[in-house]
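Here are my notes on this one, as numbered points. Have the model open while you read.

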Amino acid sequence: MVDTQVQLVNVKAAVVLLVLVLAYYWAIRVPEEKLDRSMPFYTAEQVRTHNTADDLWIVLGNKVYDVTQFVKQHPGGDAILAVPGGNATIAFYGHGHSDYAVSIKDLYVIGHMIPGSLPVPL
């Protein structure tokens, strides 16, 4: 009985966390009309091809980042490879990165996702 109650509390906590993270994810998205049209647009398929430590792109919000040069400097080690070539929004914002990490992320932005082709966040 106690194990079932603990499991139920864990499931509820996970659902609440997921809802909060998804709400935050939608809040940080750049509205389509405010996208920087001078930067290239990428599909999820294009981003997915850059999925190794030697060629690593990730998506945060609806921006695409080439973090290849940051892989070896990443304070969390190989954690940066957790979502290679995919949507790392939840992984980035859900893990409490420092203000410094948030401030430098735009050094690596290379473009935007084509609206409607955003990969599912992991």
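Predicted model: local features only at pLDDT ≥ 70, side-chain atom pairs only at ≥ 80, totals over all residues.

1. Leaving aside its neighbours within four places in sequence, which residues is I80 in contact with? They are L56, V67, F70, V71 and H74, where contact means heavy atoms within 4.5 Å. I80 is found in the loop between β4 and α3; helices (H or I, at least four residues) and strands (E, at least two) are DSSP runs, numbered from the N terminus. I80 is buried, with a relative accessible area of 13%; buried means under 20%, exposed over 50% and partly exposed in between, with a 1.4 Å probe and protein chains only.

2. Residues are numbered from 1 along each chain as its sequence is written, and side-chain values use heavy atoms, with hydrogens and water left out.

3. The overall layout: the chain has 4 helices and 5 strands, running α-β-α-β-β-β-α-α-β from the N terminus on. Of its 122 residues, 34% count as buried. Take the contacts between residues at least 6 apart in sequence: 75% of them join residues at least 24 apart.

4. Now the sheet. Its 5 strands form an open, mixed sheet in the order β1-β5-β4-β3-β2; two strands pair if DSSP finds at least two bridges between them. β1 (41–42) and β2 stand at the edges with a single partner strand each, so one side of each has no neighbour in the sheet. The parallel pairing is that of β1 and β5, over 2 bridges, and there F41 stands opposite H112. β4 and β5 (residues 109–113) run antiparallel and are joined by 3 bridges, with V109 as the bridge partner of Y65.

5. β3 deserves a look of its own. 5 of its 6 residues are buried, so β3 is largely enclosed by the rest of the structure. On one side, β3 pairs with β4 (residues 63–66) in the antiparallel sense over 4 bridges; W57 stands opposite D66, and V59 opposite V64. The β3 and β4 hairpin has 2 residues between the strands, and G61 takes a positive phi near 65° there. With β2, β3 runs antiparallel over 2 bridges, and L56 is the bridge partner of N51. β2 and β3 also form a hairpin, again with 2 residues between them.

6. Staying in β3, V59 is buried, with a relative accessible area of 0%. V59 and G85 sit 26 residues apart in sequence, yet their C-alpha atoms are 7.6 Å apart in space.

7. H50 is worth checking if you care about polar side chains. H50 lies in the loop between α2 (44–48) and β2 (51–52), and at 16% relative accessibility it counts as buried. The side chains of H50 and D55 are joined by a polar contact of 2.7 Å; such a contact is a pair of N or O atoms within 3.5 Å, and within protein one must be able to donate a hydrogen and the other to accept it, while residues adjacent in sequence count only if both atoms are side-chain atoms. Not counting residues up to four places away in sequence, H50 touches D55, L56, W57, P84 and G85.

8. Last, the largest pocket. Its volume is about 470 Å³, taken as the space filled by probe spheres set on grid points that are joined across faces, edges and corners. A pocket here is an open set of points on a 1 Å grid over the protein atoms alone, where a 1.4 Å probe fits, with protein on both sides within 12 Å along at least five of seven lines; lining residues have an atom within 4 Å of a point. The largest pocket is lined by 22 residues, and F70, H74, I80, F92 and H97 lie nearest its centre. The elements giving two or more residues to this lining are β3 (55–60), α3 (89–94) and α4 (99–104), and α4 provides the largest share, 3 residues. By class, the lining has 17 nonpolar, 4 polar and 1 charged residues; Ala, Val, Leu, Ile, Met, Phe, Trp, Tyr, Cys and Pro count as nonpolar, Asp, Glu, Lys and Arg as charged, and the others, Gly among them, as polar.
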